[in-house]
Amino acid sequence: MSTDAMSNAALFERAQRVIPGGVNSPVRAFKAVGGTPRFVQRAQGPHFWDAEGTRYTDYIGSWGPMILGHGHPEVLAAVHKAALDGFSFGAPTEREVELAEEILKLVPSAEQVRLVSSGTEAGMSAIRLARGFTGRNKIVKFEGCYHGHADALLVKAGSGLATFGHPTSAGVPAEVVQHTLVLEYNNIAQIEEAFASQGSEIACVMIEPIAGNMNFVRASVPFMQRLRELCTQHGAMLVFDEVMSGFRVALGSAQSIYAKAIPGFAPDMSVFGKVIGGGMPLAAFAASREVMSKLAPLGPVYQAGTLSGNPVATACGLTTLKIIQRPGFFEQLGQRTRSLMDGFVKVAGDAGVTLTADSEGGMFGFFFADSLPQNYQTVMAKGTDTFNRFFHLMLDQGVYLAPAMYEAGFVSAAHTEQDIADTVAAAANAFRQL
């Protein structure tokens, strides 16, 4: 193959002929920031190399799963052994049980877990189970929280208080989302009014406790406490979507952070993905034994999947979960992530650029604003053009950040102090050019 044929631009042109938009997931197309996507050839530790041989320090980590970095030797060994034993059986394996036990050991709010293959599948199944358990139809979600591309969840808020959603994707009938209520994140008044008017009809409230799909935005403790109170009072289920934050912001996931701040706090159901698969297609949803007993083959709520609990994926995920439980793992990961964000804020200030940032565990976000946004509307009102320029200035220096302002970033255990220092130096250079 010629050198030209191996360029990112040539590959993108070739891809667009056979794949819609040239990508298999929209954000990869660089549409939000402009320019040509980088086609990854290989990765190791905190870095990857594109088709042209350029090395990048990776701060998306496959959008969160690569908490250990790329190619961790213990994970590779486990996957290799599992692959030799067989790719897929369509029958139970001991490793599925081991992974379920490991997840439940770290998540005291749940007693049973069902493994699936993707975050979308887990979120969709959690909604179905919540409806089946409560016998209700309506669900509440928050603008800016993404729970996968299931039809009922592809909605956003209209104008006014407690407005029912309208489809944000062609191919989703209005009838499908008529029971989906979309509210503003961190708005206590809206959730109180929704429950006051329709509480007896609400099956569940689904939320990203630390949202990673409108950059990095936390649910405030008072907001979360009120959500828990209202769900309990009205018999609705509180569903934590921790596909992104699960085992990434803390060993006990985001729910452990809220449990420390709110006595007795626990969600009714949890959705996991990304880290529990270690980079392989694997996700899960978990709840009490009473709730999970409604699932087939025990109960009337149907859910199934040919590749659920895939033996190679479970080997990858199980090994990853065991490694992140080692002493000091999250302390060091959190320190590295804070160091990156503190560094960004300092060098931005030195350059006269307004920047604010936040992080938890190995997840981070920064905004070209003077205060941290609390909801989707304030996120989207902040510095899109500035971010796009900054993204390309960093990319030109070999730093790969999420190619969209509304995505969180990720640090792995493979990022060294020198990697962080080099990235902050690159940011200082970029800020000076803004």
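Buried residues account for 55% of the 434 residues in the protein chain. The model described here is a predicted one.

**Overall dimensions**

The radius of gyration of the protein chain is 21 Å, which agrees with the value near 22 Å that a compact globule of 434 residues would have. Along the principal axes, the C-alpha trace spans about 60 × 55 × 50 Å. The secondary structure of the protein chain amounts to 13 helices and 18 strands. Of the contacts between residues at least 6 apart in sequence, 72% join residues that are at least 24 apart.

**Surface and charge**

The protein chain exposes about 18,200 Å², and carbon and sulfur atoms supply 52% of this area. Its side chains include 33 positive and 39 negative ones, and the centres of the two sets lie 2 Å apart.

| Property of the protein chain | Value |
|---|---|
| Radius of gyration | 21 Å |
| Span of the C-alpha trace along the principal axes | about 60 × 55 × 50 Å |
| Separation of the centres of positive and negative side chains | 2 Å |

**The hairpin of β15 and β16**

Strand β15 covers residues 356-360 and strand β16 covers residues 363-367; the two pair in the antiparallel sense over 5 bridges. Within this pairing, Ser359 stands opposite Phe364 of β16. The hairpin has 2 residues between the strands, and Gly361 adopts a positive phi near 55° there. In a regular strand, side chains alternate between the two faces of the sheet.

How values were computed. Residues numbered from 1 in each chain as written. Predicted model: local features only at pLDDT ≥ 70, side-chain atom pairs only at ≥ 80, totals over all residues. Heavy atoms only, no water. Pairing = 2+ DSSP bridges. Helix = DSSP H or I, 4+ residues; strand = E, 2+ residues; numbered from the N terminus. Rg over C-alpha atoms; globule rule 2.2 N^0.38 Å. Buried < 20%, exposed > 50% of the residue type's maximum accessible area, 1.4 Å probe, protein only. Contact = heavy atoms within 4.5 Å. Areas by Shrake-Rupley, 256 points an atom, 1.4 Å probe, with all protein chains shown as cover. Lys, Arg positive; Asp, Glu negative; His and termini not counted. Charge placed at Lys NZ, Arg CZ, Asp CG, Glu CD.
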